[in-house]
Amino acid sequence: MSQVKIFDTTLRDGEQSPGCSMNLREKLEIARCLEKMKVDIIEAGFAISSPGDFESVNEIAKAVKDCTVASLARAATKDIDAAWEAVKVAADPRIHTFIATSPVHMEYKLRMTPEQVLEKTASMVAYAKKYCSNIEFSAEDATRSEPEFLCRVVDTAIRNGATVINLPDTVGYTTPDEMRSLIEYVIKNVPDSDKAEFSVHCHNDLGMAVANSLAGVLGGARQIECTVNGLGERAGNTSLEEVVMAMHTRPDVFKDITTRLDTTRIYRTSKAVYTVIGQNAPLNKPIVGKNAFLHESGIHQHGVLANKQTYEILTPEAVGIKTNNIVLGKHSGKHAFESRLKELGYSLTAEELVACFEEFKVLCDKKKTITDSDIEAIVLHKAAVEEVDESESFILDWFDVHTSNFTTSTSTVCLKKGDEKFEGVSLGDGPIDASFKAIDNIVNPVEHTLELYTINSTSEGKDTLGDVSVKLKAGDKTYVGRGLSTDIIEASLKAYINAVNKMQAAQEK
Ligand code: KIV
Ligand code: ZN
């Protein structure tokens, strides 16, 4: 068997895309999910890019024990110094350095000649190698580079100590046939190609990132760079869940190829990433979308009932979606709640368990049956709220909203901070606008804009929970707040207060 390594760049290429920024706590949470899911390499960030990035790469390097931890670095000494400084504490550190090799990038972005790019490759790979034995070199925009020149660059990188050679499709331009041929060509024409592992890193501008990565594997690549949910610049990167499940589902095509990934942790990890960035999977998203395993049409349902294989090529259980529909309710005790959580893959501390169980009991009074999605929402929301120090932040005490389609909405909100209570009132263009303004009147937050407001139901039925995400932007930072309630105005208020608390806490640091 030949192992394809899964290099996850959710925390670097994924996080770098608009609206997906994460704070340190969130990055650590995702890194732990990735480690449990058994990705091989976590690219934790781009250490030189900001002090915050440096700190998160460093903290992830300290926390993660079971995966290689990499930091990105341009082919420049100060980048490589920062990358090494951040990852050197890791159990298995890697420096990932890159330089562009396509004519257009060399001429207009780098303003360097091909010979200068070759020299830089040699000197910077050798420089990184003095620090670390595990060096990845990426030829940025490889798929638009001259193949002969690309081979010279790759040869130079390997001679100077690169152990992994990544050939990115930086602008999502290539096709599967081209990708396979490129990998085959470089492996064949670089004399020492067997001294390095080859890697693909594809962007999804033309919707071919997964197909191109898989073609790269057929061409000889043994590392795939990808992100959870396909997050990433523009149209995103190769989606981890799709590329892994494609290999898993088609062993006849990907003969003798394995990954060490625990596919049963895919769904939970996907959910954690969506929660952190305040988004939800599109309904028809392969593998993790709500409809991915639903059979709506009569013909399909009939077929599936007769034999699952008629329309089902992979099972929800394989990616960790539990189809056990045992529902919990008002009479369920703490043990039943805890064991359901365990089955769903959550292990909470005793304190977290008590807090979530309390929420669960409150919900039982409002909703007849509690589904797995409700339970997951409770846990994920608790984590969002606990991120801020409760004694230092505002919590919702009560609200009173008046709205109709022929008057201006008014909202009065009472917030608590420690033992103090504060009331704010405002008119607004609808109940949510009025309530957010009433909160602003109390908190007087820093200048910000509302970047995103989404509301989803956690399950079917009119008594479902409203799951609200709010994203606020202040300066170049974004803050995601989450709120959960059977009352959608209350859910919206809680989400907004959660985001405002995070924003204010960051300002005070
Ligand atoms: O897309 C790209 O080329 C990259 C490299 C830095 C690996 O992200
Ligand atoms: Zn990229």
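Predicted model: local features only at pLDDT ≥ 70, side-chain atom pairs only at ≥ 80, totals over all residues.
Residues are numbered from 1 along each chain as its sequence is written, chains are lettered from A and ligands numbered from 1 in the order in which they are written, and side-chain values use heavy atoms, with hydrogens and water left out.

The zinc ion (ligand 2) has Asp13 (OD), His201 (NE2) and His203 (NE2) as its protein donors, at 2.0 to 2.1 Å. Donors are N, O and S atoms within 2.8 Å of the metal (3.2 Å for Na, K and Ca); water is not among the atoms, so sites may look incomplete. Along the chain, the donors of this ion follow the spacing D-x187-H-x1-H. Helices (H or I, at least four residues) and strands (E, at least two) are DSSP runs, numbered from the N terminus. Aspartate 13 and histidine 201 are both buried, where buried denotes under 20% relative accessible area, exposed over 50%, and partly exposed in between (1.4 Å probe, protein chains only).

Helix 2 and helix 3 (residues 51-63) have axes that come within 10 Å and cross at roughly 35 degrees. Axes are lines fitted to C-alpha atoms, for helices over the stretch in contact, and angles run from 0 to 180 degrees between N-to-C directions. The crossing of these two helices is right-handed, that is, the near helix is turned clockwise from the far one by less than a right angle, anticlockwise being left-handed. On the helix 2 side, the contacting residues include Leu24, Lys27 and Leu28, and on the helix 3 side they include Asp53, Ser56 and Ile60; contact means heavy atoms within 4.5 Å. Lysine 27, located in helix 2, is buried at a relative accessible area of 3%. Beyond residues up to four places away in sequence, lysine 27 touches Leu11, Glu15, Met22, Asp53, Ser56 and Ile60.

A second pair is formed by helix 9 (residues 209-218) and helix 10 (residues 240-249), whose axes come within 9 Å and cross at roughly 50 degrees. Helix 9 is therefore oblique to helix 10, since angles under 35 degrees count as roughly parallel, over 145 as roughly antiparallel, 65 to 115 as roughly perpendicular and the rest as oblique. This crossing is also right-handed. Val210, Ser213 and Leu214 of helix 9 meet Glu242, Val243, Ala246 and Met247 of helix 10.

Most residues other than glycine have a negative phi. Lysine 38, however, has a positive phi of about 70 degrees and lies in the loop between helix 2 (24-37) and strand 3 (41-45). Lysine 38 is partly exposed, at 35% relative accessibility. Asparagine 229 likewise has a positive phi, of about 65 degrees, in the loop between strand 9 (223-226) and helix 10, but is buried at 8%.

The model contains 0 disulfides, a disulfide being a pair of cysteine sulfur atoms within 2.5 Å. For cysteine 132, the nearest cysteine sulfur, that of cysteine 67, is 16 Å away; cysteine 132 is buried at 5% relative accessibility. The sulfur of cysteine 226 lies 10 Å from the closest cysteine sulfur, in cysteine 202, which is too far for a bond, and cysteine 226 is buried, with a relative accessible area of 0%.
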